[in-house]
Amino acid sequence: SLYSRSQAEFNSVLSDTTRDPLPIAILCKSLYIFLFVKIIFLWPVLSDSDRYFPFEFRSWIHHIVYAPIKLAQYDLRVFLISLLILLLLAVILKVNYVTSVLIFWLSFNVSRFAYPLANGSDYVLNLFLFLSIFLSVTPVFKSKALREKQFIISNFAFLFCKIQLALIYVLSGFDKLTSPAWQSGDAIYSIVNLEFFMNPHLTIPESKTLYVVIAWIVILFELSFPVLIWFKRLRIYALAAGIIFHIAIIFMLSLPDFGVVMILLYSLFIPS
């Protein structure tokens, strides 16, 4: 039956101990490099963020979870340099649990420290940095049985990352599909007239029909991409369309960080 075949395929994916670790390395290290570059660009404004929107420790849990923020408030330069060194080491070394945990924890604290400057890319980045903790296939156990369980956890986390990426598009597309502003094209009109985000070097003709067409192209892409991406024959076309889609967002709305992090996540599907 279809259910039995699906279950057998799922079990085969989880129990695969011969999977190439290269896709995991590409995914994790590309995210580390992205975070490294983002911190460099954020560095000049992080001190201002702390000055005007200081983080307050309201409970003992805050003091534990947000302990790195204490260091950032005491000496921002030491905190950021330490994080940059850690990221460089993580890029050089094999993907492992220790660096993965530290990078997620520090990245989460950076996002909270710079909360007024955070956007969708920070949430997506931190989500996949958290999931990357479970991706490591570097042997940490001598027992063969424990190593097999480690591979099962890694394989499941890798599959879950794929599902999570697809869900981002599904939820975004469904939200737009049920929005009257997107159905009528008014959302595109509002985006085109944003003074702070719209690229001033680009102009889009004021046409109600054009706005409706663009809106429905976005909706259809976001709803079809998470389906087409699972079919090997259609995957390359879906990835190409996704890259074009996010590059358009980068240049039209001057939002490079979100577009780049989404394109980097496409590495989840490239090898398979």
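Predicted model: local features only at pLDDT ≥ 70, side-chain atom pairs only at ≥ 80, totals over all residues.

Q: OK, back to the pairs. Which side chain does lysine 38 meet at 3.1 Å, N to O?
A: Aspartate 122, in a salt bridge. Lysine 38 lies in helix 2 and aspartate 122 in helix 7 (residues 120-132), so the pair ties together parts 84 residues apart in sequence. Helices here are DSSP runs (H or I, at least four residues; strands are E, at least two), numbered from the N terminus.

Q: Is lysine 38 buried or exposed?
A: Buried, because its relative accessibility is 12%. Buried means under 20% relative accessible area, exposed over 50%, and partly exposed in between (1.4 Å probe, protein chains only). Aspartate 122 is buried as well, with a relative accessible area of 7%.

Q: And which residue forms a salt bridge with lysine 38 at 3.5 Å?
A: Aspartate 257; 3.5 Å is the distance between the closest N and O atoms. Aspartate 257 lies in helix 13 (residues 256-264) and lysine 38 in helix 2, so this pair ties together parts 219 residues apart in sequence. Aspartate 257 and lysine 38 are both buried.

Q: What about aspartate 48, which side chain does it meet?
A: Arginine 51, in a salt bridge at 2.6 Å, N to O. Aspartate 48 is partly exposed, at a relative accessible area of 33%. Arginine 51 counts as exposed, at 52% relative accessibility.

Q: Which residues do shared partners join into one network?
A: Lys38, Asp122 and Asp257, through their salt bridges.

Q: Switching topic. How many helices and strands are there?
A: The chain has 13 helices and 0 strands. Its C-alpha atoms fill a box of roughly 65 × 60 × 35 Å, taken along the principal axes. Buried residues make up 38% of the 272 residues.

Q: What share of the contacts join residues at least 24 apart?
A: 72%, among contacts between residues at least 6 apart in sequence. Contact means heavy atoms within 4.5 Å.

Q: Where does proline 23 sit?
A: In helix 2 (residues 22-52). Proline 23 counts as buried, at 10% relative accessibility. Its C-alpha atom is separated by 8.8 Å from that of phenylalanine 269, 246 residues apart along the chain.

Q: Now the surface. Which residues form the nonpolar patch?
A: Ile163, Leu167, Val170, Leu171, Val227, Leu228, Trp230, Phe231, Leu234, Ile236 and Tyr237, with about 1000 Å² of accessible area together. Patches take residues with over 30% relative accessible area and no salt bridge; nonpolar side chains (Val, Leu, Ile, Met, Phe, Trp, Tyr) are joined within 5 Å, like charges within 9 Å. Accessible areas come from the Shrake-Rupley method with a 1.4 Å probe, and for residues only the protein chains shown count as cover.

Q: Which helix gives the largest share of that patch?
A: Helix 8, with 4 residues. Helix 8 (144-177), helix 11 (208-228) and helix 12 (232-253) each supply at least two. Valine 170 lies in helix 8 and counts as partly exposed, at 31% relative accessibility.

Conventions
Residues numbered from 1 in each chain as written. Heavy atoms only, no water. Salt bridge = Lys/Arg side-chain N within 4 Å of Asp/Glu carboxyl O.
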